[in-house]
Amino acid sequence: MPSEAEKLAENTEPERMTNLFVVTGPSGVGKGTIIAKILERVPHIAKSVSATTRPMREGERRDVDYFFCTSDEFFKMKLRGEFLEWAKFTEHYYGTPKSWVEKSLSEGQDVILEIEVEGAKQIRQKYPQAVLIFISPPSYDELKSRLQSRATESPERILSRLEKAKEELNAKNLFDYEVINDNLDEAIGNLEHIVYAERARTTR
Ligand code: ADP
Ligand code: 5GP
């Protein structure tokens, strides 16, 4: 294998170091909205598609938004060791398929995971070099009103997500960065800066 210096001397592209970005934070804080814009703006980055036992929402696309599966299928994948991390969130299971993430990183593409806090903690243990970003709401009341106006869950399920959010908000100091999603454009800009700053690092 030629060294980086030899590759430069031969005028060939040095291999790019790839990054695993984990975007976490309470349900309804705006993770999906922010990530969708990052994927439009930033080259060489892709979002992992998770498996879930949750029923499909109106407007969601199978195998694009999630791999929707039964509990039986989910646990078979888990037993075969196919998840990088997995967690139960309120009453459903969610997991990140390992093979796609590892393949993308090895092919020179950065990867973003959009996952809840327990899964993000597992990634911290397994991939200490991963970059973990916590998205915070400007206030608890604003989080509540975003979940209510998104209206993808019943009022009881919104309540259980809000209960879970109290625990999750206490965990933000475990992560590398906090981005407060008050003004959406600013939050997108801040995450974009984090991605470029991490890409510019000389050490991991
Ligand atoms: P998450 O992926 O974290 O569950 P979403 O991206 O689905 O959250 O956002 C939840 C709701 O809040 C959506 O209806 C979205 O349009 C809205 N939203 C996201 N960011 C903001 C913001 N900065 N200000 C107001 N509403 C927002
Ligand atoms: P939702 O049902 O709103 O799509 O997702 C509920 C929560 O599960 C969100 O916080 C979302 O980020 C998280 N989530 C989605 N996929 C995964 C995954 O693969 N692993 C983990 N741990 N959480 C996930």
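Residues are numbered from 1 along each chain as its sequence is written, while chains are lettered from A and ligands numbered from 1 in the order in which they are written. In this predicted model, local features need pLDDT of at least 70, side-chain atom pairs count only at pLDDT 80 or more, and totals for chains, interfaces and linings use all residues; side-chain values use heavy atoms, with hydrogens and water left out.

Ligand 1 is surrounded by 14 residues, of which Gly28, Lys31, Thr33, Arg150 and Asn181 are the closest (a residue is counted if one of its heavy atoms lies within 4 Å of the molecule). Two elements, α2 (31-41) and α6 (140-150), each supply at least two residues of this shell, and α2 gives the largest share, three residues (helices, H or I, of at least four residues and strands, E, of at least two are DSSP runs, numbered from the N terminus). By class, the shell around ligand 1 holds three nonpolar, six polar and five charged residues (Ala, Val, Leu, Ile, Met, Phe, Trp, Tyr, Cys and Pro count as nonpolar, Asp, Glu, Lys and Arg as charged, and the others, Gly among them, as polar).

A polar side-chain atom of Thr33 lies 2.5 Å from an oxygen atom of ligand 1, and a polar backbone atom of Val29 is 3.3 Å from an oxygen atom of the ligand. A nitrogen atom of ligand 1 is 3.3 Å from an N or O atom in the side chain of Arg146. Of the 560 Å² of accessible area that ligand 1 has on its own, the protein covers 74% (Shrake-Rupley method, 1.4 Å probe).

Ligand 2 has 17 residues around it, and the closest are Ser50, Arg54, Tyr66, Tyr94 and Arg161. Its shell comprises five nonpolar, four polar and eight charged residues. In the side chain of Tyr94, an N or O atom is 2.6 Å from an oxygen atom of ligand 2, whereas for Glu114 a polar backbone atom is 3.4 Å from an oxygen atom of the ligand. Glu116 places a polar side-chain atom 2.7 Å from a nitrogen atom of ligand 2. The protein covers 96% of the 510 Å² of accessible area that ligand 2 has on its own. The elements that give two or more residues to this shell are β5 (83-89) and β6 (92-97).

How values were computed
A polar contact is a pair of N or O atoms within 3.5 Å; within protein, one must be able to donate a hydrogen and the other to accept it, and residues adjacent in sequence count only if both atoms are side-chain atoms.
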